[in-house]
Amino acid sequence: MAPKPARQPVDYLWLFFGMRGRLSRYPFFLANMLVSLIGALPFYKYVLAQQNFWAGGFMHVQFWETASTFALVAAFWPMFTLGAKRFQDLGRPGIYAVVMLVPVVSIAGFVALCLMPGQPGPNRYGARTNAPG
């Protein structure tokens with residue numbers, strides 16, 4: 001029996017910020033969920049601060065409003081790069097991920113990208129999935 005190849009360590013900088021390479025369905029789904037949860041936490045705290053506005057103070061609400069705005073803006077790049085790598089796994093140009101930034105289209109696109117299998121074997125964007133190209 002042939003030995004299993006050693007697992008490569010995960011390069012998180014490439015995963016969330018790199019544009020080159022391919023990304024399969026499962027890591028695409030998990031990474032998007034992580035970015036969404038991290039981005040949703042400040043918004044959740046903002047909603048709680050709004051509910052307690054009269055008991056707390058204006059500064060608390062203002063802080064979480066600013067934090068949630070920053071988190072929303074900061075989440076755009078990782079979501080774009082994840083979508084670009086997923087499109088590249090399908091053999092399509094990564095620029096198609098711009099469409100994923102449109103709110104209504106992004107939900108349907110996310111589901112489609114999670115369900116569509118990538119191209120088997122190497123393609124012009126990389127020799128294998130889940131690795132820089």
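Glutamine 119 lies in the segment after α4 (helices are DSSP runs of H or I, at least four residues, numbered from the N terminus). The model is predicted: local features need pLDDT of at least 70, side-chain atom pairs count only at pLDDT 80 or more, and totals for chains, interfaces and linings use all residues. Residues are numbered from 1 along each chain as its sequence is written, and side-chain values use heavy atoms, with hydrogens and water left out.

At 32% relative accessibility, glutamine 119 counts as partly exposed (buried is under 20%, exposed over 50%, partly exposed in between; 1.4 Å probe, protein chains only). The table lists two of its distances.

| Partner of glutamine 119 | Relation | Distance |
|---|---|---|
| Asparagine 123 | side-chain polar contact | 3.0 Å |

A polar contact is a pair of N or O atoms within 3.5 Å; within protein, one must be able to donate a hydrogen and the other to accept it, and residues adjacent in sequence count only if both atoms are side-chain atoms. Beyond neighbours within four places in sequence, glutamine 119 is in contact (heavy atoms within 4.5 Å) with Arg22, Asp89, Leu90 and Gly91.

The largest nonpolar core has 18 residues (buried Ala, Val, Leu, Ile, Met, Phe, Trp, Tyr and Cys joined through side-chain atoms within 4.5 Å). Leu23 is among those with the most contacts inside this core. α1, α2, α3 and α4 each give two or more residues. The largest share, 5 residues, comes from α3.
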